[in-house]
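Please look through the sequence and the model shown here, and then follow the explanation below, which leads from the chain as a whole to its sheet.

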Amino acid sequence: MFQTHDEDAMTKKLSPAEVISKHAARIMAIDGVIGMAEGVDRGRGCIQIHLARENGTLKKTLPSQLDGYPVVTIVTGPAELF
């Protein structure tokens, strides 16, 4: 059987920063999402998605993981410019 994909690309795990960069445009375009960050959840690396307000419907539309990293939502309130 022949491999049709680059094995190194398939086994290489992206860093949290690379995952954020890869998905930021799509995630940040969702109404109510105000930011993304690297984080730690239960001792493991995670992707944090910051929300302007508590919204159960929005949380259900967000992915539970991105490229193998769990997604954690954090309500930080609306972004304010100073």
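In this predicted model, 43% of the contacts in the protein with a separation of 6 or more are accounted for by residues 24 or more positions apart. Of the 82 residues of the protein, 28% count as buried, and the accessible surface comes to about 5900 Å², with 54% of that surface belonging to carbon and sulfur atoms.

The confidence of the prediction deserves attention before the details. The average pLDDT of the protein is 86, and 84% of the residues score at least 70. Among the elements of the protein, helix 2, covering residues 16-28, has the highest mean pLDDT, at 97, whereas helix 1, covering residues 7-11, has the lowest, at 49. Over residues 1-9 the pLDDT stays under 50, and for this stretch the model has one contact beyond four places in sequence.

The protein has three helices and four strands, and along the sequence these elements follow the pattern α-α-β-β-α-β-β. The four strands form an open sheet of mixed pairing, in the order 1-2-4-3. Strand 1 and strand 3 (65-66) stand at the edges of the sheet, each with a single partner strand, so one side of each is left without a neighbour there.

The pairings can now be followed across the sheet in that order. Strand 1, residues 33-41, pairs with strand 2 in the antiparallel sense over eight bridges, and within this pairing Glu38 has Ile47 of strand 2 as its bridge partner. The hairpin made by strand 1 and strand 2 has two residues between the strands, and in it Arg42 takes a positive phi near 55°. Strand 2, residues 44-51, is mostly covered, since six of its eight residues are buried.

On from strand 2, the sense of the pairing is parallel: strand 2 and strand 4, residues 69-75, are joined over five bridges, and here Ile49 stands opposite Thr73 in strand 4. Strand 4 also pairs with strand 3, in the antiparallel sense and over two bridges, with Pro70 in strand 4 as the bridge partner of Gln65.

What lies across these strands? Helix 2 lies across strand 1, strand 2, strand 3 and strand 4, and it runs at about 155° to strand 1.

Terms used
Residues numbered from 1 in each chain as written. Predicted model: local features only at pLDDT ≥ 70, side-chain atom pairs only at ≥ 80, totals over all residues. Heavy atoms only, no water. pLDDT = per-residue confidence, 0-100. Contact = heavy atoms within 4.5 Å. Buried < 20%, exposed > 50% of the residue type's maximum accessible area, 1.4 Å probe, protein only. Pairing = 2+ DSSP bridges. Areas by Shrake-Rupley, 256 points an atom, 1.4 Å probe, with all protein chains shown as cover. Axes fitted to C-alpha atoms, helices over the stretch in contact; angles between N-to-C directions.
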